[in-house]
Amino acid sequence: MRQRKMRTHPMGERKMKVSIFGASGGTGSLLTERCLAAGYEVTALVRSPETFQFRERVRVIQGSVFDADAVRRAIFTGDEGADVVLSALGARSLKKEDVLERGVPLIVAAMRQTGVRRIIVLGSAGALSDSLKKQPAWRRWFVQKIVYNTFLKWAVASQISQWKTLSASGLDWTMVMPPMLLNSRARGKYRIDGEALPRGGSRIAREDVADFMMQQIGNPQWVGKGVYVAY
Ligand SMILES: NC(=O)c1ccc[n+]([C@@H]2O[C@H](COP(=O)([O-])OP(=O)(O)OC[C@H]3O[C@@H](n4cnc5c(N)ncnc54)[C@H](OP(=O)(O)O)[C@@H]3O)[C@@H](O)[C@H]2O)c1
């Protein structure tokens, strides 16, 4: 892995710079909160700064992830690039919004242009066809046919696209792939699997996902890979 030296923030050293996409969403706001608590310098691309709860403590770039210039400004802050990019982007509906299809290629392009290499994204267990191989047959059938192919059709298509874009990016990417997200409190204990969704794993709290994503900053173990997390 070619990774830039990660910056910490002890006295006299410059703060770690993090760019967050989807910072106003369920998981993204937890990531933002955690980055601020860690003392990182946070830049967030948000569509509606006026309702963004962290607007006073974060460098806000107003715009959509469909705007290449705004994306670039969110990643290349001041006169240098971010140390790490975090994304918890997603459609706000079950309809076809193409957020990841259109947005992730622009993030990758901006990172390549500016020499920023590390990106950690919120993906989904639905992104890969063999993600259910550790599930019992009845559950594999139900989740694939009823959930992924119908109810979550567009969300899954977006995640497949995100996987393809990152895989071809040449960047130091990690895609964290949970099953259903909950707004419950973190348990701090969950299964981690680099091959497929752990058997019977059907949910996990956004708080645990955000904690796991934070732990990937500076961790080379899952670079260039997807990783499943579930209770
Ligand atoms: N829900 C689940 O059970 C589940 C399970 C597994 C994986 N996932 C994946 O998790 C992701 C969603 O996570 P979440 O539920 O925590 O997020 P969320 O609450 O739905 O928030 C989505 C974020 O994306 C932003 N966004 C959407 N379109 C944008 C655009 N054009 N430009 C800039 N920002 C945009 C939203 O900004 P605004 O505030 O401006 O709308 C918001 O910050 C999706 O990718 C989904 O596939 C979800």
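In which sense do strands E6 and E7 pair, and over how many bridges? Please keep in mind that the model before you is predicted.

The answer is that E6 and E7 pair in the parallel sense, and three bridges connect them. Within this pairing, Val-85 is found opposite Ile-119 of E7. As a reminder, the strands of a sheet pair through backbone hydrogen bonds, either parallel or antiparallel.

Let me stay with E7, which covers residues 118–122. Is this strand enclosed or open to the outside? Five of its five residues are buried, so E7 is largely enclosed by the rest of the structure. A residue is called buried here if 20 or more other C-beta atoms lie within 10 Å of its own C-beta atom. In a regular strand, the side chains alternate between the two faces of the sheet. For E7, both faces are covered: one side carries Arg-118, Ile-120 and Leu-122, the other carries Ile-119 and Val-121, and all of these are buried.

Now to the sheet as a whole. It is an open sheet of eight strands with mixed pairing, and the order reads E3-E2-E1-E6-E7-E8-E12-E10. Its edge strands are E3, residues 59–62, and E10, residues 191–193, each of which pairs on one side only. On average, neighbouring strands of this sheet are turned by 20° against each other, direction ignored.

Two pairings involve strand E12, residues 225–230. With strand E8, residues 172–177, E12 pairs in the parallel sense over four bridges. In that pairing, Met-175 has Gly-226 of E12 as its bridge partner.

Stepping back to the overall architecture, the protein chain contains six helices and 12 strands. Of its 231 residues, 43% are buried.

Among the helices, I would draw your attention to H2, residues 68–75, in which Val-71, Ala-74 and Ile-75 are buried. Viewed down the axis of H2, these buried residues fall within an arc of 95°, so they line one face of the helix.

I turn next to the ligand. It is surrounded by 25 residues, and the closest are Gly-25, Gly-26, Thr-27, Gly-90 and Ser-124. Two or more residues of this shell come from each of helix H1, residues 26–37, helix H5, residues 153–167, and strand E9, residues 180–182. The largest share, three residues, is that of H1. By class, the shell has 11 nonpolar, 11 polar and three charged residues.

Finally, two individual residues. Where does Asp-98 lie? Its place is in the loop between strand E6, residues 84–87, and helix H3, residues 99–114. Asp-98 has 14 other C-beta atoms within 10 Å and is therefore partly exposed, a term used for counts between the 12 or fewer of an exposed residue and the 20 or more of a buried one. The phi angle of Asp-98 is near 60°, a positive value in a residue other than glycine. From Arg-187, Asp-98 is 89 residues apart in sequence and 32 Å apart in space, C-alpha to C-alpha.

The second residue is Arg-203, which lies in strand E11, residues 203–205. Arg-203 is likewise partly exposed, because it has 13 other C-beta atoms within 10 Å. Along the chain, Arg-203 and Pro-178 are 25 residues apart, and their C-alpha atoms are separated by 7.2 Å.

That concludes the presentation; thank you for your attention.

Definitions and conventions
Residues numbered from 1 in each chain as written. Predicted model: local features only at pLDDT ≥ 70, side-chain atom pairs only at ≥ 80, totals over all residues. Arc of directions from axis to C-beta. Near = placed C-beta within 6 Å. Nonpolar A, V, L, I, M, F, W, Y, C, P; charged D, E, K, R; others polar. Pairing = 2+ DSSP bridges. Axes fitted to C-alpha atoms, helices over the stretch in contact; angles between N-to-C directions.
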